[in-house]
Amino acid sequence: MKSIVNLGVFLLLLLTISSCEKFLELPPKDAISNDDYWKSSADLEKYILQFYPKLPRHSTAGTMPMEDASSDNLILAVPDLVLNGGRTVTTGSWSSDWTNIRDINFFFDNYGKVQDRLENYRHFLGEAHFFKAWFYFQLLNQYGDVPWYTSALLPGSEELHIPRTPRNVVADSILAHVDKAIGYLNPRSAAGNTRINKEAALAFKTRVALYEGTWQKYHQGTPFATSGAQPEKYFQACVDAAKQLMDGNYVRGIYSTGNPDVDYYTLFGMDNMSNINEVLLYSASNAAENMGNNVQLYTTVRSQRLAVTWNLVTSYLGKTGLPYNYLATAKGVKGNDFLRKIAADCDPRLHATVWIPGDLRIAGNNSRFDKPFVDQGGENLCATGFQVKKFSNPYSRAAGSDQSGGFSETGYIIFRFAEVLLNLAEAQYELDQTVAYDALNLLRRRAGMPDFKVLPQSGDPNAESYGYPVADALYEIRRERRVELALEGRRPDDYRRWAAHELFRGKRFYGYPFLKSEFPSYNPPLQGDGLIDYFRSQLPDGYRFRPERDYLDDIPQLERTLNPNLSQNPGW
C-alpha cells in the first residue's frame with residue numbers, strides 16, 4: 001500500500017506568508033501517492049509549508065504575554081499549575097507530541113527522490129532542518145532525554161522500542177540540524193522575515209546553545225544533572241553564532257527612530273513587521289482571511305486576566321540607572337499616583353509594558369486608560385493592578401474593538417536581534433566573565449537609559465535570591481534580559497535552565513499598593529505594606545513547586561507500558 005503525503009494546512013500557511021500570493025492548486029491530500037509526489041522543488045516547498053502554522057503566533061485564544069504566566073512575571077486568575085507543583089502523572093499517550101517529528105522525518109526520507117538541482121531547493125531543505133531542530137527543542141524542553149529518530153516510523157518499527165537518548169546527545173543533534181539549516185537557508189534579504197531565513201537560524205542557535213549550556217551548569221548535582229556535562233561547549237557555540245550574525249553581511253539591528261519614550265513600545269504593536277531589521281522572524285496575521293488574533297482586544301479593551309507581578313515591576317531600574325526603592329515609594333504613594341510616579345521615575349520600558357493612568361488606549365476616540373481593572377471579573381480582571389500594555393497599539397484598526405473573533409493583525413515576533421544580544425552577553429559572561437557592554441548598551445540606548453553598569457546586589461532594595469550565589473555582573477545581565485524580554489515567553493525557560501525555583505517557591509506574587517478611595521466597593525486581600533495579595537487564600541504557604549520533579553514533564557504511563565525501555569523522569 002502506497003504511503004500518503006500529508007500536506008496538512010498548506011493553504012492556511014500561504015495566507016500567513018503572504019495574502020498577495022497566488023494559491024497553488026492542489027488535489028485532495030489523500031489523492032497524492034508517495035511515488036507520484038516527490039518530483040520537483042515545488043513539491044518540497046509545498047510539503048514544508050505545512051509546518052509554518054506550527055510556529056508560535058498570537059491567536060484568538062492566547063497571546064504572547066500569556067506565555068509568561070508560568071513564571072514570576074505574570075499571573076492569571078488562578079495559580080499556575082507547574083509553579084504550584086500541582087500536576088499529576090500522565091496516564092495517556094504522548095503520540096501527539098511526536099506527530100511533527102514523524103512528518104518532518106518523512107520529508108528527509110523522500111526529498112532525495114526529487115530530480116532537480118540542489119540550488120533550486122536548498123532553501124526548502126534548510127527549512128526542513130530548522131523545523132526538525134525546532135520540534136526536537138520543544139521535546140527537549142518538555143522531557144529532557146527523548147528518543148532520537150532519523151526516519152518516519154511505521155507501526156511495528158523496532159525503533160519504537162529504543163530507550164531515551166541522553167539530553168546532551170539530543171542537544172548536539174539539534175544544533176547539528178541548525179548548522180545545516182544555516183548552510184542551506186537564504187538570508188533574510190532574499191527570504192523575507194515571515195519565512196525562515198539564515199538570520200533566524202543563527203538566532204535560534206544562540207537560544208538552543210545558551211539553554212543547554214546553562215541547564216547543564218546549574219542543574220549539576222541535582223536529579224536533572226547531565227552525564228558528561230560540557231556547558232562551556234554550548235556557551236562558546238552561542239557566542240560564535242551571535243558574533244557571526246553581528247559581524248556578517250546580514251539584515252539585523254535594533255529598531256529605533258531616536259525617540260526612546262516610544263520606540264520600544266511601538267515595536268510590539270505593529271501589524272506589518274517586514275521592514276523592521278530587528279525582527280528576524282515573525283508570524284503575520286490576516287483578519288480578512290480569518291487568521292487574525294485578539295491582541296488589541298486583550299490590551300486595549302479587556303485584560304484576558306493577565307496581571308504583571310510586583311516581582312517583574314521592581315526589576316526595572318530607575319532612570320538614573322540605579323536601583324529604585326519601589327517599596328519605600330509605595331508606603332507614601334498608592335494607586336494611580338504610584339503608577340504615575342514609577343512611570344516618571346523608572347526605565348521607560350516599564351511604562352511601555354504596564355498601563356499608566358492617562359495613557360492613550362484608543363486613538364480613534366481619544367480614549368485614555370483610567371485605572372487598572374482590579375475590581376473586575378472574567379476577562380476584564382487584572383488582579384495585581386499592573387495591567388499589560390505591551391503589544392497594544394492605539395492606532396491599530398482593532399484598538400478598542402470588542403470583537404473577539406480575531407479582528408487584530410498584530411505580528412508575533414519569534415526571533416528578534418535584541419534576544420541575540422542578550423544571549424551573547426549571558427553566554428560570554430558564563431564563558432570567561434567578560435561583560436559585553438557594547439551589545440547591552442545597544443538596548444539601553446534605544447530605551448534612553450544610562451549605559452549598562454555592574455551594580456552591587458547589596459545596594460539593591462529589590463534584590464532577589466536565585467538560591468545560589470550569582471556574581472553581580474551576571475545578576476545585572478539577567479536583570480537586563482528580564483526587562484528587555486518581559487512578557488515575550490522567555491521567562492519560563494529562563495528559570496528552568498537556571499534552576500531558579502527559589503525565586504518563587506514558598507512565596508506569592510504581589511500587586512501594586514491599593515488605594516481604597518479609587519475602588520470604594522472593593523476589598524482585595526493586602527499584605528503588610530498595603531500591596532495587593534491576590535493569592536493569599538489560595539496559596540497560604542506560597543507556591544509549592546517541587547524542585548526534585550517539576551523541571552520536566554513526566555513520561556506518560558501508557559508509553560512506558562508500550563516501551564519498557566523508556567525511563568521515567570526524576571520525581572515522577
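**Figure 1. The largest cavity of the predicted model and its lining.** The largest share of the lining of the largest cavity, 4 residues, is contributed by helix α18, in a model that is predicted. In total the lining of this cavity comprises 13 residues, and those that lie nearest its centre are Ser315, Glu464, Tyr466, Tyr475 and Arg482. The volume of the largest cavity is about 130 Å³, and the count of cavities of 30 Å³ or more comes to 5.

**Figure 2. The largest pocket and the elements around it.** The volume computed for the largest pocket is about 870 Å³, and 32 residues line the pocket, with Glu67, Asn141, Gly489, Asp493 and Arg496 lying nearest its centre. The elements that give two or more residues to this lining are the helices α5 (118-143), α8 (198-218) and α19, together with strand β6.

**Figure 3. Strand β6 and its pairing with β2.** Strand β6, which spans residues 412-416, has 5 of its 5 residues buried, so the strand is largely enclosed by the rest of the structure. Strand β2 (residues 279-283) runs antiparallel to β6 and is joined to it by 4 bridges. Within this pairing, the bridge partner of Leu281 is Phe415 of β6.

Figure 4. Gln50 is placed in the loop between α3 (41-49) and β1 (74-75). Gln50 is itself counted as buried, because its relative accessible area is 2% and the cut-off for a buried residue is under 20%.

**Figure 5. Ser33 and its contact with Asp36.** Ser33 is found in the loop between α1 (10-17) and α2 (34-37), where it is buried with a relative accessible area of 10%. The side chains of Ser33 and Asp36 are joined by a polar contact of 2.9 Å.

**Figure 6. Two proline residues in loops.** Pro524 is located in the loop between α19 (491-497) and α20 (557-562), and its relative accessible area of 9% places it among buried residues. Leaving aside residues up to four places away in sequence, Pro524 touches Phe514 and Ile532. Between the C-alpha atoms of Pro524 and Asn325, which are 199 residues apart along the chain, the separation is 24 Å. Pro456 sits in the loop between α17 (437-446) and α18 (472-484), and at 44% relative accessibility this residue counts as partly exposed. Pro456 and Gly467 are 11 residues apart in sequence, and their C-alpha atoms are 17 Å apart in space.

**Figure 7. Two loop residues with positive phi.** Most residues other than glycine have a negative phi. Asn290, however, has a phi near 60°, a positive value in a residue other than glycine, and lies in the loop between β2 and α11 (295-301). At 75% relative accessibility, Asn290 counts as exposed. Gln433 likewise has a positive phi near 60°, and lies in the loop between α16 (417-432) and α17.

**Figure 8. The two spans annotated as domains in the UniProt record.** According to the unreviewed UniProt entry, the annotation "domain: SusD-like N-terminal" covers residues 91-210. In the model this span is 64% helix and 0% strand, and its end C-alpha atoms lie 33 Å apart. The annotation "domain: RagB/SusD", again from an unreviewed entry in UniProt, covers residues 303-572. Over residues 303-572 the chain is 30% helix and 4% strand, with the end C-alpha atoms 36 Å apart.

Note on methods. Residues numbered from 1 in each chain as written. Predicted model: local features only at pLDDT ≥ 70, side-chain atom pairs only at ≥ 80, totals over all residues. Heavy atoms only, no water. UniProt positions renumbered as here; feature names shortened; annotations may be inferred. Buried < 20%, exposed > 50% of the residue type's maximum accessible area, 1.4 Å probe, protein only. Pairing = 2+ DSSP bridges. Contact = heavy atoms within 4.5 Å. 1 Å grid on protein atoms, 1.4 Å probe; cavity = no way out; pocket = protein on both sides within 12 Å on 5 of 7 lines; lining within 4 Å. Points joined across faces, edges and corners; volume = space filled by probe spheres on them. Polar contact = N/O pair within 3.5 Å; in protein donor to acceptor, adjacent residues only side chain to side chain.
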